[in-house]
Protein chains: 2
Amino acid sequence: LAVLPRPPFVYPIVDLALLEGRSAAGIVALLAEAGAAVIQLRAKRASDRLLLAEARGAVAAAHRHGALLVVNDRPDVAVLAGADGVHVGQDDLDPALVRPLLPEGALLGLSTHDAGQVARADAAPVDYVAVGPVFPTSSKERPDPVVGPELLRTARSLTRRPLVAIGGIHAGNAAAARAAGADGVAVISALLRAADPGAAFRELQAALQGGA
Amino acid sequence: LAVLPRPPFVYPIVDLALLEGRSAAGIVALLAEAGAAVIQLRAKRASDRLLLAEARGAVAAAHRHGALLVVNDRPDVAVLAGADGVHVGQDDLDPALVRPLLPEGALLGLSTHDAGQVARADAAPVDYVAVGPVFPTSSKERPDPVVGPELLRTARSLTRRPLVAIGGIHAGNAAAARAAGADGVAVISALLRAADPGAAFRELQAALQGGA
C-alpha cells in the first residue's frame, strides 16, 4: 500500500526534458537521499521504450531509498515499471478507468485547474488532488492559466483529499501554498535547475515547514 | 480469438491526423462495409482521453461490421477500448511486455525496418510482422528510410509469420508488395485521402488479388 507522506511534504517531479544528460535514476536517488518520500517521473516527449527504461531505473533508485515513485500519465508504463502509482491530467485517461489497471493500493493523483475539476476529483477514485498552476511556471510547454493560491483555498473547501499545489513553486513561495491549504507542493524547475537538487529539496522542505 | 484475414489482405490504418473533420468511427464503418476485416487506429498526437474516445467509437463500428480493430502503440488504451489487438513499433513498449497486458488471443503486431529487427520479431510473441516503409510515404512525420520490396523478400526468408507491407502502398504498387512476399498491405494515405475510401479499399483489394 502506497501512502503519501505526512503534510507538509515536497513532491519532486523529475521531468526527462530537464535532465540535461543526467539519468532520472540519479536525480531520484539524490532527492530520496535528501528526504523526498514520493517522487514523480514525467516525460511528455520520450518514446515509450525510453520512458519505461527511465521509469524502471527511477523505481529502483526510489525503492533503494525507501521512497515512492509515481509515473505521470501512463498506467501501462507504471505497471510494467513496478511503480507505486500514476498521476493523470484532465486530458489523460479518466482516473475511474485507470484505477482498475493498477495494483491494489497504488497511488493515483489527478491534476485540476478549476473548482469544477476539483469537485469532480473529490468524487473520483484518487488519492490526492493536484491544483495549479498556482504560480507562473516555466517547465510546461503550454501551461494552463495561473490559478493562484485562491484556487487552493477554494479546493480546500471542496475536498478533504490531500491537496498538492503545483506550478512555479520554490522556496520563496512554498509557505504561501501551504498557508492556502496545500498538504504538499510539487516542484520541478526549482529542483531540477538547481546546482544541487538535494540541497534545493532540503531548502524547500524547510521553507514549507516554516510556513506550517 | 482475433485472427488475421486470409492473404492477400488490405489492412487500413485510420490515422486521426488524416480525418479532416470525419470521425474515426465513420471511416472505420466505411472501410469495414467495403470488406476490410482488420483495421488499425493510429494517433501520434491526440490526448489519451481523445484517443480512447475515438478508439471506443472505432471498435464499436468495426465490430458492428464483423471487423477487427487494432490500436497503435498503446496497450492500455486498447484494453480500455475493448480493441482486438495492439500494433507497436521499435520505440514503443516491447511486445514481450505488451503481450501479458492484453486479453488472451489478442492480435499483436510489430513494425520492423531492417533484417535484424525482422529476425528479432520472429522470436517475439507477435502475430504478424510489419515491414517498411516499402515505398516513400507521406503519412508519417519522420519516416524511417525506405527499405523497398527487397526487405520484404529478405523478411520472407527470415520468418514464417504473416508479413504486412507498409509505407506508400497504393493500388499501383500493392501487387509488387504481394509478389515480394507480403501477406497483407497496410494502407493509410491511399484510403484516407481518397474521395471515396470504400471504393479505394475495393480497388486496392482487387489490385492485390490480381497480383496474387
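Against which elements of chain B do the buried residues of α9(B) pack? In this predicted model, local features require pLDDT of at least 70 and side-chain atom pairs count only at pLDDT 80 or more, while totals for chains, interfaces and linings use all residues. Residues are numbered from 1 along each chain as its sequence is written, chains are lettered from A in the order in which they are written, and side-chain values use heavy atoms, with hydrogens and water left out.

The buried residues of α9(B) pack against β1 (9–15), α1 (24–33), α7 (174–179), β8 (184–187) and α8 of chain B; contact denotes heavy atoms within 4.5 Å. Helices (H or I, at least four residues) and strands (E, at least two) are DSSP runs numbered from the N terminus. The buried set of α9(B) comprises B:Pro197, B:Gly198, B:Ala200, B:Phe201, B:Leu204, B:Gln205, B:Ala207 and B:Leu208, where buried means under 20% relative accessible area, exposed over 50% and partly exposed in between (1.4 Å probe, protein chains only). The N-terminal end of α9(B) is capped by B:Asp196, a side-chain oxygen of which lies 3.1 Å from the backbone nitrogen of B:Gly198.

B:Ala190 is located in helix α8 (residues 189–192) of chain B and counts as partly exposed because its relative accessibility is 28%. Beyond its neighbours within four places in sequence, B:Ala190 is in contact with B:Ile169, B:His170 and B:Ala200.

In chain A, the buried residues of helix α6 (residues 148–158) are A:Gly148, A:Pro149, A:Leu151, A:Leu152 and A:Ala155. These buried residues of α6(A) pack against α5 (115–122), β6, β7 and α7 (174–179) of chain A.

Strand β2 (residues 38–42) of chain A contains A:Arg42, which counts as buried because its relative accessibility is 6%. Not counting residues up to four places away in sequence, A:Arg42 touches A:Ile13, A:Val14, A:Asp15, A:Leu16, A:Asn72, A:Ser139, A:Lys140 and A:Ile188.

The largest cavity is lined by A:Tyr11, A:Ile13, A:Gln40, A:His87, A:Tyr128, A:Ala130, A:Val164, A:Ile166 and A:Ala186. A cavity is a set of points, on a 1 Å grid over the protein atoms alone, where a 1.4 Å probe fits but cannot get out, and lining residues have an atom within 4 Å of a point. Two or more lining residues come from each of β1 (9–15), β6 (128–131) and β7 (163–166) of chain A.

Conventions. On a 1 Å grid over the protein atoms alone, a cavity is a set of points where a 1.4 Å probe fits but cannot get out, and a pocket is an open set with protein on both sides within 12 Å along at least five of seven lines; lining residues have an atom within 4 Å of a point. A polar contact is a pair of N or O atoms within 3.5 Å; within protein, one must be able to donate a hydrogen and the other to accept it, and residues adjacent in sequence count only if both atoms are side-chain atoms.
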